[in-house]
Amino acid sequence: MLYPLSTLALAPVLIGQGSYVRKVTPRLPEPEGERCGTLGSGPELRLLILGDSAAAGVGVSHQQNALAGQLVRELARDHCVSWKLLAETGRTVAGVLEALKAAPKAQYDVVLVSVGVNDVTGRTRNGQWVSALNELSDRLINDTGATLVLFTAIPPMHLFPALPQPLRWYLGLRAKQLNTLMKGLCDTGSFEKGRLEYLCVSFPLEHGYMASDGFHPGLDAYSVWAEHSAASIRKLAQNQ
């Protein structure tokens, strides 16, 4: 009940603060650099990074320093990684699903998904969120052949320095609600060909970890994210 009651009670303040934040927050570009390639030697690992602006690397100037570049380098220490980045600023879970449907068919072993912040700000309903996540999971495992789909938790928006109070608290509450639904899907999702995993990364949201807009990851945050992701992917490889 807290969320809908808060929406009604704080609506004028939240609308005003949301408009202000959109007006004053700098819009950072997606980084330059390759969005697919092959790196390393050893057992083959086909990797897809899928999602929103964070997956696309907004917050750094080059893909080498973004999630894709850092994760691929980490995995290439003991794998031949064939990778692709399919991500764009502003995508909700529905947008990510549509992008996957429109992309050329391909096979992957592991998919890392970053989605949710735009669903929080765009007020995606619970049913829409769960339905789209279910369809996305099904397509990734049954159509691309992925044996592991890592869903990255929505970051703690109640700590984002770009957001004023009470908007920060309000969006943080909503992020927690969507994360609970995402985790529930990962915990109960059953697929014969693969599995879902909820990846909760403890980002130190302090100076140096956030980008200049106070909203996206910075270089060090992408490094932490890549390390956590690589550890989960290696665990899967060891168990196969």
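Biologist: Across which strands does helix H7 lie?
Modeller: H7 (residues 167-188) lies across S5 and S6, at about 145 degrees to S6. Axes are lines fitted to C-alpha atoms, for helices over the stretch in contact (heavy atoms within 4.5 Å), and angles run from 0 to 180 degrees between N-to-C directions. Helices (H or I, at least four residues) and strands (E, at least two) are DSSP runs, numbered from the N terminus. The model is predicted: local features need pLDDT of at least 70 and side-chain atom pairs 80 or more, while totals for chains, interfaces and linings use all residues. Residues are numbered from 1 along each chain, and side-chain values use heavy atoms, without hydrogens and water.

Biologist: How do you know that the span of H7 agrees with its 22 residues?
Modeller: The expected span is 1.5 Å times one less than the number of residues. For H7 that gives 32 Å, and the end C-alpha atoms are 32 Å apart, so the two agree.

Biologist: What makes H6 oblique to H7?
Modeller: H6 and H7 pack at about 40 degrees, with axes 10 Å apart. Under 35 degrees would be roughly parallel, over 145 roughly antiparallel and 65 to 115 roughly perpendicular; the rest is oblique. Therefore H6 is oblique to H7. Residues of H6 including Trp129 and Leu133 meet residues of H7, among them Leu178 and Met182.
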